Amino acid sequence: MTGVCWTQLSSDRARTILARVARTIQVAAFASASLVCLGNVQAANVPVGFADRLIATGLNSPTSMTILPDGRVLVVQQNGIIRTIKNDALLPGNFYAVPNVDSFSERGCLGITADPGFATNHYVYIYCTVRDGATSHNRIFRVTESNDVAVPGSERLILRLPNVPAGVQWHMGGALRFGPDGKLYVAVGGQEDLREPVETSNSQNLANPFGKILRLNPDGTVPPDNPYINTAGAYSYNYNLGLRNPFAFDIQPGTGLMYINDVGAGTWEEINRGLPGANYGWPAYEGDNSDPRYTNAVFSYSHTTGCAITGGAFYNPANTQFPASFTGKYLFADFCNGTIRTLDPANPTVAADFVSDIANPVNLGVAADGSVYYLARNQNVGDSADVGTVGKIVFTNSQIPRITQNPQSRTVFLGDPVTFTVAANDATTIQWQRNGVAIPGATSASYTIPQTTAADNQATYTAVMSNSFGTATSSPAVLTITTNRFPVPSISTPAAGAGFNAGDTVTYSGIGTDAEDGNLPGSAFTWRIDFMHDTHSHPFMAETTGQSSGSVTVPAFEADAPNTWLRLYLSVKDSAGQAETVFRDVYPFGQLSEFKPVGTPVNGKGPIELNMNNGEAAAGDGSTISLGRIPYAKGIGVHAPSDIRYDLGGACTGNFVADVGIDDIAQGAGSVAFQVLLDGRVAFDSGIMRGTDLRKTVKLSIAGVKELRLLVSDGGDGNTLDIANWAGARLSGCPAPTPAQPPSTTPPTTPSTDTPNPSPLGAGGGGCSMRPDGTFDPTLPGLILAALASVVWRRRKSAS
């Protein structure tokens, strides 16, 4: 799905669809070119009267931040390096470097907060995963600040949590907040990679702190009024339970109202009211339920809206800057859809839109002056993990243009072209400047230098956006000219098309060459592996430098989730410091699209399609499978009525998994029913599903099953737009299949062998990555790919 750009539309219907989608996601178009693509968003899309400002860049996998009473911001990186922002500038040194940090996967330093008495005691509390010999554990400790750094030797242990269970990599939690009662509250994740039975899950076990909010005195002692203090065998710090991964929470000043953001599994994201003794139901339930033993969320939203609720903050600053309607509202962010929305605690049934187009927000903070800071990881953008940013939203009460994409600084080879791009809302004119001087004729959203010269080195480029209310100037982009060629990385193993099973050891290796240096040594290599799921990713192997090869063992995390895969990044750096990155996607074995059906499947329009939706009657006329705006690189696309049979021969020992629903290309139309038959017995029946319904996940044991039969029938309103998907359909525990002969051509969005400059949404596309010369390397979101079934596509050249 990566490495394509829309260059031509061949139908009026596609034009209409694109126009509708473009209005939603703020497409920035070139004013004088026929090319339309989506750029890497460098600024948030804010409402009229607000402005977004880029405060800090170059942060390595940032996770949390706290705003000190004097306005300084402390930013925590997963690797334990904590940075200071002062007067909205990132200071060059570290605030503190936490020793012995275990930052593997989702472990690491994850939370920070200042003591309520910071003005006098200068205490800062931090939550980190640290190594202790062969084991790791999370701990809360305190340091003392002085002159923008932690005082050497001031670290004091507040609470050591039990060891992270062996093999567990995800769901650590980590947020810290003080309540008006002076107690320190701590969010601890369930520390389970898989959804365990209720009876044995950590989240429902009062004897441990996992999947809980803890309450403790600032010195680490247990408050005598904790709700489980007299419960036999209970972990005495527990305040409530039944949480999966409470990544963020906040406590409202004055009222003490606590809202907990609990990251969901496959369906729902939750905001829970933090109450003593409450049980929020994980893993028995996700989202609302009618079980009286559990406390429902005050607000939840499905994965058609987002996929991971992250930052949260009440807007109750000492000095209100935003309009009065914001006061008392709860602001919350979603990592996947890049939004900040608001929720009114007085009526927490509907969330209001506020900010969009943030690249993977993870934390929010409200400053004393009423500004809102946000921390963004900018996941899968650029060549390394050092792409995290801090942004600041302010209220200007002005209707001048609002910049949504700033031009980026570029380094290019002497003589190569370079392009700078800007985007803004409500701008009527654009004027590019070089070193503060207007460039004649440079009045489009992009400015290109066809052939750079030595005189262009260190020139700065800005864009002035204007309307009748005034002007807004972009941040400057610096052009660096080099005579050093960029190195060329290539991933050798795993080979293109390779796969894996949970528990496998995956070996990775690659080569790097450079025009000046020749073959690059292992010290020039940096590897990173992410575990991809839908449109987001979980860190798996952190950046590892100094070797051209290595290996990892694949965990069973979300092993039965249909839309998962590994993404391996290889970056190589030459002796002059120039770097280039490629990545390769590796999918689990057993993709149903690799198995040959029995006979010729029945299908309502043309043949069934492999790894694309059904499209129309012709073979290969489908596009990327998409359910609820979530793209799938693998699966079976059909049109009702459909009947597909597979001969498993009783040889499988695992499961059949798939997400089912009507493809987004139907635009909410269509109605179908899915059935799975195992040896003639109906094992799954979806009931009537309409184009507006959420996807449903199928998970069935196929141990000993001889025949798998997949049926899709019309929902009763005719066959129009009954474009149905067995998305991410996969069989586990089966012998290697006889390869299926695809009834259609390879989908036009199949990734190239090695793909440079990954898109912000992973396999979901989303953004025009920039090559080193500044030219576009576009990828489109899955929704657009699904809609534009009749688009002519241009494939990006493979990097290997």
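Visitor: Which residues lie nearest the centre of the largest cavity, and how many line it?
Guide: The lining has 29 residues, with Glu106, Asn245, Phe247, Ser537 and His538 nearest the centre. This is a predicted model, where local features need pLDDT of at least 70, side-chain atom pairs count only at pLDDT 80 or more, and totals for chains, interfaces and linings use all residues. Residues are numbered from 1 along each chain as its sequence is written, and side-chain values use heavy atoms, without hydrogens and water.

Visitor: What makes a space a cavity?
Guide: On a 1 Å grid over the protein atoms alone, a cavity is a set of points where a 1.4 Å probe fits but cannot get out; lining residues have an atom within 4 Å of a point.

Visitor: Why is the pair of tryptophan 170 and phenylalanine 540 called stacked?
Guide: Rings pair if their centres lie within 6.5 Å, and planes under 30 degrees apart count as stacked, over 60 as edge-to-face and the rest as tilted. Here the centres are 6.5 Å apart and the planes 25° apart, so the pair is stacked.

Visitor: Why does phenylalanine 326 count as buried?
Guide: Buried means under 20% relative accessible area, exposed over 50%, and partly exposed in between (1.4 Å probe, protein chains only). Phenylalanine 326 has 12% relative accessibility, so it is buried. Tyrosine 315, at 0%, is therefore buried as well.

Notes. On a 1 Å grid over the protein atoms alone, a cavity is a set of points where a 1.4 Å probe fits but cannot get out, and a pocket is an open set with protein on both sides within 12 Å along at least five of seven lines; lining residues have an atom within 4 Å of a point. Rings of Phe, Tyr and Trp (its six-membered ring) pair if their centres lie within 6.5 Å; planes under 30 degrees apart count as stacked, over 60 as edge-to-face and the rest as tilted.
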